[in-house]
Amino acid sequence: IKEEIQTQEIEIPKVEIPQGEVHHKEYETIKTCIENNIPVYLAGPAGSGKNHTLEQIAKDMGLEFYFTNSVQQEYKLTGFIDAGGVYHETEFYKAFKNGGLFFLDEMDASIPEVLVLLNAAIANGYFEFPNGRINANENFRVVAAGNTVGQGADENYTGRMVLDQATLDRFVIIEFNYDRDIELYLAKGNVELVNFIEDIRNIAEVNFVRATFSYRCITMIAKLENKLDLAKILEIAVVKGLSKDTIQLLANNAKDNKYAAALKQIA
């Protein structure tokens with residue numbers, strides 16, 4: 001007896017995604033604080049788009065954008081005068097003197113001495129650079145960010161320092177987490193993919209798994225899907241570096257969809 005098997009093509013759920021730029025849900029809150037010259041501290045996980053959001057806000061406000069990662073030496077904030085007597089400017093110096101949005105990322109990984117200097121500059125409105133005292137430009141704005149809320153290292157971010165209350169008191173603290181609208185935008189409206197990443201992210205958090213499933217995972221999968229085997233994509237873009245036991249944990253608890261099925265193949 002010959003049976004005729006009919007296969008149905010199941011369409012991946014899609015949603016309509018907006019054209020142009022997509023803003024984080026905290027965009028307006030952050031922008032309002034910056035407009036009113038209130039220093040902002042963004043606390044959130046790695047790869048949640050802090051840098052990009054601040055670049056958007058700076059552009060929106062007509063401000064130059066200046067970026068510095070965690071500062072481990074004082075001169076990287078203040079600048080220095082070399083043996084020839086030439087002063088070497090920093091991003092902080094340029095923003096302070098000329099105006100602009102200065103973003104200090106990973107402030108919770110910077111040395112305390114640097115933060116004391118930053119506090120003084122914010123409080124006083126002037127700063128003693130190696131080449132002399134400069135008053136802050138009226139358009140100078142400060143935003144800092146970190147993966148912790150100044151309480152020191154945790155399971156996921158072991159290289160973080162405790163921020164003193166004098167530092168935290170200078171800033172409003174805004175939680176900056178992953179934003180579903182941005183994830184859907186990066187996934188080109190693929191709800192199934194976004195649900196999968198959010199699902200394994202939650203599983204990892206509940207089970208105290210040290211792993212980061214950021215926007216980058218979604219971007220890489222979206223670019224590689226239909227070009228490589230799906231299980232291979234997850235292996236190189238999502239569970240990279242995780243132990244077999246951890247992958248098994250994620251695969252066993254993930255809600256069933258094609259991405260979870262592919263994860264089971266490599267568990």
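**A covered strand**

Modeller: Let's begin with β1. Both of its faces are covered: Val40 and Leu42 on one side, and Tyr41 and Ala43 on the other, are all buried. Keep in mind that this is a predicted model.

Colleague: Why do the residues of a strand end up on two sides?

Modeller: In a regular strand, side chains alternate between the two faces of the sheet.

Colleague: OK. What is the order of the strands in the open sheet?

Modeller: The order is β2-β5-β8-β1-β9. That makes five strands, and the pairing is parallel.

Colleague: Which strands stand at the edges?

Modeller: β2 (65–68) and β9 (172–175) do. Each has a single partner strand, so one side of each is left without a neighbour in the sheet.

Colleague: By how much are neighbouring strands turned against each other?

Modeller: By 20° on average, with direction ignored.

Colleague: Back to β1. How many bridges does β1 share with β8?

Modeller: Four bridges, in the parallel sense. Strand β1 covers residues 40–43, and β8 covers residues 140–146. Valine 40 has valine 143 of β8 as its bridge partner. Tyrosine 41 stands opposite alanine 144, also in β8.

Colleague: And how many bridges join β1 to β9?

Modeller: Four bridges again, and β1 and β9 run parallel. Leucine 42 has isoleucine 174 of β9 as its bridge partner.

Colleague: Now helices. How many helices and strands are in the chain?

Modeller: The chain has 12 helices and nine strands.

Colleague: At what angle do α10 and α12 pack?

Modeller: About 75°, with their axes 8 Å apart. That makes α10 roughly perpendicular to α12, because angles of 65 to 115 degrees count that way. Helix α10 spans residues 230–237, and α12 spans residues 258–266.

Colleague: Which residues meet there?

Modeller: From α10 we have Leu230, Ala231, Leu234 and Glu235. They meet Lys258, Tyr259, Ala262, Leu263, Gln265 and Ile266 in α12.

Colleague: I've also marked leucine 117. Where is leucine 117 found?

Modeller: In helix α5, which spans residues 112–124.

Colleague: Why does leucine 117 count as partly exposed?

Modeller: Leucine 117 has a relative accessible area of 21%. Buried means under 20% and exposed means over 50%, so leucine 117 falls in between.

Colleague: What does leucine 117 touch?

Modeller: Leucine 117 touches Glu74, Leu77, Thr78 and Phe127, leaving out residues up to four places away in sequence. Take threonine 78. Leucine 117 and threonine 78 are 39 residues apart in sequence, yet 8.7 Å apart in space, C-alpha to C-alpha.

Colleague: What share of the contacts in the chain is between residues 24 or more positions apart?

Modeller: 75% of the contacts with a separation of 6 or more.

Colleague: Change of topic: how many disulfides does the structure hold?

Modeller: Zero disulfides.

Colleague: Remind me what a disulfide is?

Modeller: A covalent bond between the sulfur atoms of two cysteines.

Colleague: Is cysteine 33 buried or exposed?

Modeller: Cysteine 33 is buried, at 14% relative accessible area. Cysteine 217 counts as buried too, at 3%.

Note on methods
Residues numbered from 1 in each chain as written. Predicted model: local features only at pLDDT ≥ 70, side-chain atom pairs only at ≥ 80, totals over all residues. Heavy atoms only, no water. Disulfide = S-S within 2.5 Å. Buried < 20%, exposed > 50% of the residue type's maximum accessible area, 1.4 Å probe, protein only. Helix = DSSP H or I, 4+ residues; strand = E, 2+ residues; numbered from the N terminus. Contact = heavy atoms within 4.5 Å. Pairing = 2+ DSSP bridges. Axes fitted to C-alpha atoms, helices over the stretch in contact; angles between N-to-C directions. Parallel < 35°, antiparallel > 145°, perpendicular 65-115°, else oblique.
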